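Have the sequence and the 3D view open as you read.

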Amino acid sequence: MTTGKWWQNVVMYQIYPRSFQDSNGDGVGDIPGIISRLDYLQQLGVGGIWLSPVYASPNDDNGYDISDYEAIMPEFGTMADMERLIAEAKARGIRIVMDLVVNHTSDEHRWFVEGRKAKDAPYHDFYVWRDPVEGQDVPNDLRSTFSGPAWTYDPTVGQYYLHLFSPKQPDLNWANPVVRHAVYDMMNFWIAKGIGGFRMDVIDLIGKEPDKMITGNGPKLHDYLQEMNRNTFGGKDLMTVGETWGATPENAKLFSDPARHELSMVFQFEHSGLDQQPGGEKWDLQPLAIPNLKRVLSKWQTTLGERGWNSLFWNNHDLPRIVSRWGNDQTYHDQSAKLFAILLHMMKGTPYIYQGEEIGMTNYPITDASEIDDIESLNLYNERVQAGYDPAGVIHSINVKGRDNARTPMQWDANDGAGFTTGKPWLHINPNHVQYNVASEVADADSVWATYQQLIALRKQNDLVVWGDYALLEDTADDVFAYYRTDQSHRWLVVANISAEPNAFTLMDQAERLIISNYADTALTGGERQLRPYEAFVVEVKA
Ligand code: TEU
Ligand code: CA
């Protein structure tokens, strides 16, 4: 018996449509391709799909620059295909969560095309414009996430417009109520099509006050979200997850406390920044210290324990692959991929799997700048090389942190084209698809895939996984991450040795039953034991 909302009980699956499944040999994934893989997703057991953008777009940032919110990108299919996807998914118990990208549009969106015709043109005040100031290059020092200033001068208008991302992604002016209501109308258009909800791109930026240099968590942010809730999804059985790079456990409660009528949950990135130098950019690397990972994730688990709700993820289309990043994609590929799966899926919150994670897909190291596709990495490369950085060092950072790592095509089988396409793929396919692919993983009862399938089933069968209290086991070796989940009748102990070295661990409880493990012969005996490299297991212990 399940209680709570549907989105508290499911595991979500993110699809990056360009790279998931091509159906017509043009090398680009598409909606009919996704439909053809719904049976696969049902077999895996997921209850929802977060679909990265499928709207009309010139693809400056692969669909995160939308030129028409109510049209489908022709490369991906038609609106009829989209409606069929929603219906076919629903028939399999899977809801489609759309990506809502409303901090900005494409510069090719009709609103911007009209608005940039003149200062007094209709739609001009849909965007954030500032007059030039004598003696200043740009209105202020705000920077674009994709390098360079966040302001671009438009000679026709004689003003600068704001873009926190690329110049082809002008920021919408959320201070304008007409803009807000145009967005709500568009959301209602999609809600009427029967979708399951929205993932909201960089939603914590919409309350920005650029003149005060405030971008994230602006003063009006929560007012806007409550207004959006009232005008669109509020009171409906939909899920909403906000992408919030600046979230802290305290403000995450503001977003996700049901009494405030804002969002179901947010994606927080605190753990994701732990391998970056404090004060540096994501490219400025430092090794991950496991005690920090334990501290940060435990803080989120307990702060959002009673009010609010966590999202759980290692991967998405912006992040490097977890098995390459914090696991070991050489000697302990399967063990470490399974370890991160077990560690995350036993936590409290809604887990998200990013396509290919369930088969242990790895990063794709490039050797030359000509192999870069992503706008963020391309701009970074040019900026840093111009500034005198060693090109090989920049390529190294891109190999470790760049977004193309996550975007190589899905590895369905060992054939040329990896079962993704019969044509020339839009982005390089990882040659290790001959080893790591869906066909071989699904056929192997001991695979990474089988672990994900088992974890999803465990969540469905055990209320404890959804609702149980979380408590970190403090007294362990640095690299051992262990925690309890407890409800009225049961207690589970999760143990993970996040290291290629063995570590001692003392099982103090009386073990009743092994729930899942990534080594075939995990013993139930109590007392001290040596955990093997990347060993992870869950045992039910005496409560
Ligand atoms: O990402 C937000 C974002 O800020 C990322 O670009 C992030 O900063 C970067 O990967 C790390 O430096 C969202 C989308 O997920 C991303 O794909 C888009 O490019 C971005 O918004 C703009 O829409
Ligand atoms: Ca295609």
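Contact here means heavy atoms within 4.5 Å. With that in hand, take Arg199: leaving aside its neighbours within four places in sequence, Arg199 is in contact with Trp50, Tyr64, Val97, Met98, Asp99, Leu100, Val241, Glu243, Phe267 and His317.

Some ground rules first. This is a predicted model, in which local features need pLDDT of at least 70 and side-chain atom pairs count only at pLDDT 80 or more, while totals for chains, interfaces and linings use all residues. Residues are numbered from 1 along each chain as its sequence is written, chains are lettered from A and ligands numbered from 1 in the order in which they are written, and side-chain values use heavy atoms, with hydrogens and water left out.

Helices (H or I, at least four residues) and strands (E, at least two) are DSSP runs, numbered from the N terminus. Arg199 is found in strand S9. For accessibility, buried means under 20% relative accessible area, exposed over 50%, and partly exposed in between (1.4 Å probe, protein chains only). Arg199 has a relative accessible area of 1%, so it is buried. The C-alpha atoms of Arg199 and Leu263 are separated by 9.9 Å, and the two residues are 64 residues apart along the chain.

Ile66 sits in the loop between S3 and S4, and with a relative accessible area of 1% it is buried. Leaving aside neighbours within four places in sequence, Ile66 is in contact with Tyr55, Ala56, Ser57, Val101, Thr105, Ser106 and His109. From Ile66 to Phe233, 167 residues apart along the chain, the C-alpha atoms are separated by 21 Å.

Gln411 belongs to the loop between helix H14 (404-407) and helix H15 (438-443). Its relative accessibility is 0%, so Gln411 counts as buried. Beyond its neighbours within four places in sequence, Gln411 is in contact with residues including Ile359, Met361, Asn430 and His433.

**Rings**

Rings of Phe, Tyr and Trp (its six-membered ring) pair if their centres lie within 6.5 Å; planes under 30 degrees apart count as stacked, over 60 as edge-to-face and the rest as tilted. The structure holds 29 aromatic pairs. Here are two of them.

| Pair | Centre to centre | Angle between planes | Kind |
|---|---|---|---|
| Trp111 and Phe126 | 5.0 Å | 65° | edge-to-face |
| Trp245 and Phe269 | 3.9 Å | 0° | stacked |

Why does the pair of Trp111 and Phe126 tie together parts that are 15 residues apart in sequence? Because Trp111 lies in helix H5 (residues 110-115) and Phe126 in the loop between H5 and strand S6 (129-130). Trp111 counts as buried at 9% relative accessibility, and Phe126 is buried with a relative accessible area of 5%.

Trp245 counts as partly exposed at 44% relative accessibility, whereas Phe269 counts as buried at 4%.

Trp111 and Phe126 turn up again in one aromatic cluster, formed with Tyr55, Tyr69, Tyr123, Phe189 and Trp190.

Charges meet rings too. A charge sits over a ring if NZ of Lys or CZ of Arg is within 6 Å of the ring centre and within 35 degrees of the ring normal. Arg95 lies over the face of Trp6, 4.2 Å from the ring centre, and the charged end of Arg18 sits over the ring of Trp426, 5.5 Å from its centre.

**The calcium site**

Donors are N, O and S atoms within 2.8 Å of the metal (3.2 Å for Na, K and Ca); water is not among the atoms, so sites may look incomplete. Which residues coordinate the calcium ion (ligand 2)? They are Asp22 (OD), Asn24 (OD1), Asp26 (OD), Val28 (O) and Asp30 (OD), at 2.2 to 2.4 Å. Along the chain, these donors follow the spacing D-x1-N-x1-D-x1-V-x1-D. Asn24 is exposed, with a relative accessible area of 52%, and Asp26 is partly exposed at 36%.

**Two positive phi values**

Most residues other than glycine have a negative phi, and most peptide bonds are trans. Asn59, in the loop between strand S3 (55-56) and strand S4 (68-72), has a positive phi near 65°. Asn217 has a positive phi of about 50° and lies in the loop between strand S9 (197-200) and H7.
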